[in-house]
Amino acid sequence: SKHSTFGATVFVLLNTVLGAGIMSLPAVLKVLGVVPGVLAIVLVALVADVTVGLLLSATEANGGRTYAETVRRALGPAAASVLRACVVVNNLGLCVVYLIIVGDCLAGARGAEGALAALGAPAWSNSRPLVVSAVAFALVVPLTSVKRIETLRFASYASAALMALFVATMVALCARSLALGADSPLSKGVRLFPEFAKGSSVAGDVVGELTVFAVMMNSYVCHYNVHALRAALAPDERGRVGAAVRRALLAACAVYVLTAAAAYLVFGEDTMDDALSNLSDARLTALVPFAKELACAVKIGYSCSLVCTYTAINWEVREAVVASVWRGRKGAADLAAAPRLALSVALVA
């Protein structure tokens, strides 16, 4: 088919939203407590839905075909240039972070064993530069050189499946920990509401609580891909892109709430800023006998999920670069296969 489908649009948006932020959300509940933390995750999802709705309303009003064109028609060319620059800097930064995390998971970091070493791979194959380069050029480059955004649906399906398995794993660990009750060596110090230290500054405490919202706001960003996905739909389906965004945000919210709550209930006050650090075989041994295998599987699955999400985040970077070079006269889809591949290599390198 020449056009994308509603379901594919939902999955690509979900893949755009889900990413490394999921590992930071258990720490949000550690700071805010379970009740305010869950409410905050839901609130930020609603804010994201409203802002995408406003963006689509502006698009309908001024006829912009892309995010940058909508901004240019509403605020002028300078604002559109600033938007493109912000998207490129933000998304390229995320892409770099994702490859760093993949390197941490597969090759290890800061003394922690990577998944490859745990699987018994030879020492030479655990070289971090080698692992990151292999992932980047064997997986990321081909996936980011596709012609049409709806092609990313296959990576998005894989990402959604991996995230579902991760959520199921965390919920199962939580159930196991709760079943042990007082005998659980992990669940401790769980708070329903925030607690402030005696004698501490009220202003400082409030600022500390509010900083977690920056993490959550970034966990729902998908605005830069909305226009490309809208254009990929059949003309009579484009009015439903707002509903697709809503479903993607609802699914992401459910994933975030379940993961954050389960991880915090398991690890309590020992919850780290990056929950992946909690999922080491040394910590999981107290809950399951196959801790080493589970930790290894989580690292590999998470790495694959990040590679899938990388493709969705990189899409608008590629479009912004092409639009800047050809001054809006061409999109990446108008380029031949070889230039698209070369551009992907340049962006990944």
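Predicted model: local features only at pLDDT ≥ 70, side-chain atom pairs only at ≥ 80, totals over all residues.

**Helix packing and nonpolar cores**

The crossing of helix 7 and helix 15 is right-handed. In general, two packed helices are described by the angle between their axes and the distance between the axes. For helix 7, residues 128-144, and helix 15, residues 337-348, the angle is about 130° and the axes lie 9 Å apart. An angle over 145 degrees would count as roughly antiparallel and one of 65 to 115 as roughly perpendicular; helix 7 and helix 15 are therefore oblique to each other.

Which residues make this contact? Helix 7 contributes Ala136, Phe137, Val140, Val141 and Thr144, while helix 15 contributes Leu341, Ser344, Val345 and Val348. By class, the contact between helix 7 and helix 15 comprises seven nonpolar residues, two polar ones and no charged ones.

I turn now to the nonpolar cores. The largest has 96 residues, and those touching the most other members are Ile41, Leu173, Tyr220, Tyr256, Leu279 and Leu284. Helix 12, residues 241-267, gives the most to this core, namely 17 residues. As general background, nonpolar side chains in soluble globular proteins tend to be buried together. Let us take leucine 284 as an example. Setting aside neighbours within four places in sequence, leucine 284 is in contact with Leu173, Phe267, Leu279, Ala291, Leu294 and Ala295. There is also a second, separate core of six residues, with Val317, Val322, Ala332 and Leu347 among them.

Next, helix 4, which spans residues 67-75. Its buried residues include Tyr67, Ala68, Glu69, Thr70 and Val71. The buried residues of helix 4 pack against helix 3 (34-62), helix 5 (77-107) and helix 11 (223-232). After helix 4 comes glycine 76, with a positive phi near 105°.

Finally, two individual positions. Valine 38 is found in helix 3.

Alanine 117 lies in helix 6, residues 115-118. With a relative accessible area of 29%, alanine 117 is partly exposed. Its C-alpha atom is separated by 32 Å from that of leucine 29, 88 residues apart along the chain.

Technical notes:
Residues numbered from 1 in each chain as written. Heavy atoms only, no water. Buried < 20%, exposed > 50% of the residue type's maximum accessible area, 1.4 Å probe, protein only. Helix = DSSP H or I, 4+ residues; strand = E, 2+ residues; numbered from the N terminus. Contact = heavy atoms within 4.5 Å. Core = buried A, V, L, I, M, F, W, Y, C linked by side-chain atoms within 4.5 Å. Axes fitted to C-alpha atoms, helices over the stretch in contact; angles between N-to-C directions. Parallel < 35°, antiparallel > 145°, perpendicular 65-115°, else oblique. Left-handed = near helix turned anticlockwise from the far one by under 90°. Nonpolar A, V, L, I, M, F, W, Y, C, P; charged D, E, K, R; others polar.
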